[in-house]
Amino acid sequence: MSQTSLISNSPPGPAPKLSDFTHIAREKLRYGDTDRQGHVNNAVFVTFLETGRVELLLNSEVDLCGPDGAFVLARLLVDYRREMIWPGEIEIGANVESVGRSSLRISQALFQRDVCVATAESIVVLTDVTTRRSKPFSDEARAYLMRAPGKMNQS
């Protein structure tokens, strides 16, 4: 019986540049973000990626959620490329890569001093907070997302 891995064993491609992203967020590193090795803990990377997604999804020109809508994270893949060192700031790049009926694929990267320290891909799903099930994007939200800079294709 053959088993196929659902996760790629391929190494990540070339590191992106911050200029490859249309949505940029910034965060200040805190001393409490560090671990015993003196670098920023890997779990904090995921928190920074969340900040970038939230700013992309909730600070847009259009209400992407609509009434009773909320985004949930369905998938997150992270490639840690370099260590992040305190003190300093990081920049979080994000692009909408594809738009589905109720989901988005978002590419992201974290940068410290213009060096890419992590890349990520996430899938977020728009859900109805009452039924707890996916709900389709409104026509207005879909139109906005389809013309969003950085969106490459639709699924």
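## Helix α1 and its cover

Which residues of α1 are buried? In this predicted model, the list runs Val44, Phe45, Phe48, Leu49, Thr51, Gly52, Arg53, Leu56 and Leu57. If you want to see what sits over them, look at the strands: the cover includes β1 (23–28), β2 (69–80), β3 (89–99), β4 (103–112) and β5 (115–128).

The helix itself takes in residues 42–58, which makes 17 residues. From its first C-alpha to its last, α1 reaches 25 Å, close to the 24 Å expected at 1.5 Å a residue. Take a look at the start of α1 too: there, a side-chain oxygen of asparagine 41 comes to within 2.8 Å of the backbone nitrogen of alanine 43.

## Two nonpolar cores

The largest nonpolar core has 17 residues, and the ones touching the most other members are Leu57, Leu64, Phe71, Leu104, Ile106, Phe137 and Leu145. At least two residues of this core come from each of α1, β3, β4, β5 and α2 (139–146). Apart from this core lies another one, with 14 residues, including Ala25, Leu29, Phe45 and Met84.

Phenylalanine 137 is worth a click. Leaving aside residues up to four places away in sequence, Phe137 touches Leu64, Phe71, Val99, Gly100, Arg101, Ser102, Ser103, Leu104, Leu126, Arg142 and Leu145.

## The cysteines

Cysteine 65 counts as buried because its relative accessibility is 10%, and buried means under 20%. Cysteine 116 is buried as well, with a relative accessible area of 6%.

How values were computed
Residues are numbered from 1 along each chain as its sequence is written. This is a predicted model: local features need pLDDT of at least 70, side-chain atom pairs count only at pLDDT 80 or more; totals for chains, interfaces and linings use all residues. Side-chain values use heavy atoms; hydrogens and water are left out. Helices (H or I, at least four residues) and strands (E, at least two) are DSSP runs, numbered from the N terminus. The expected span of a helix is 1.5 Å times one less than its number of residues. Buried means under 20% relative accessible area, exposed over 50%, partly exposed in between (1.4 Å probe, protein chains only). Contact means heavy atoms within 4.5 Å. A polar contact is a pair of N or O atoms within 3.5 Å; within protein, one must be able to donate a hydrogen and the other to accept it, and residues adjacent in sequence count only if both atoms are side-chain atoms. A nonpolar core is a set of buried Ala, Val, Leu, Ile, Met, Phe, Trp, Tyr and Cys residues joined through side-chain atoms within 4.5 Å.
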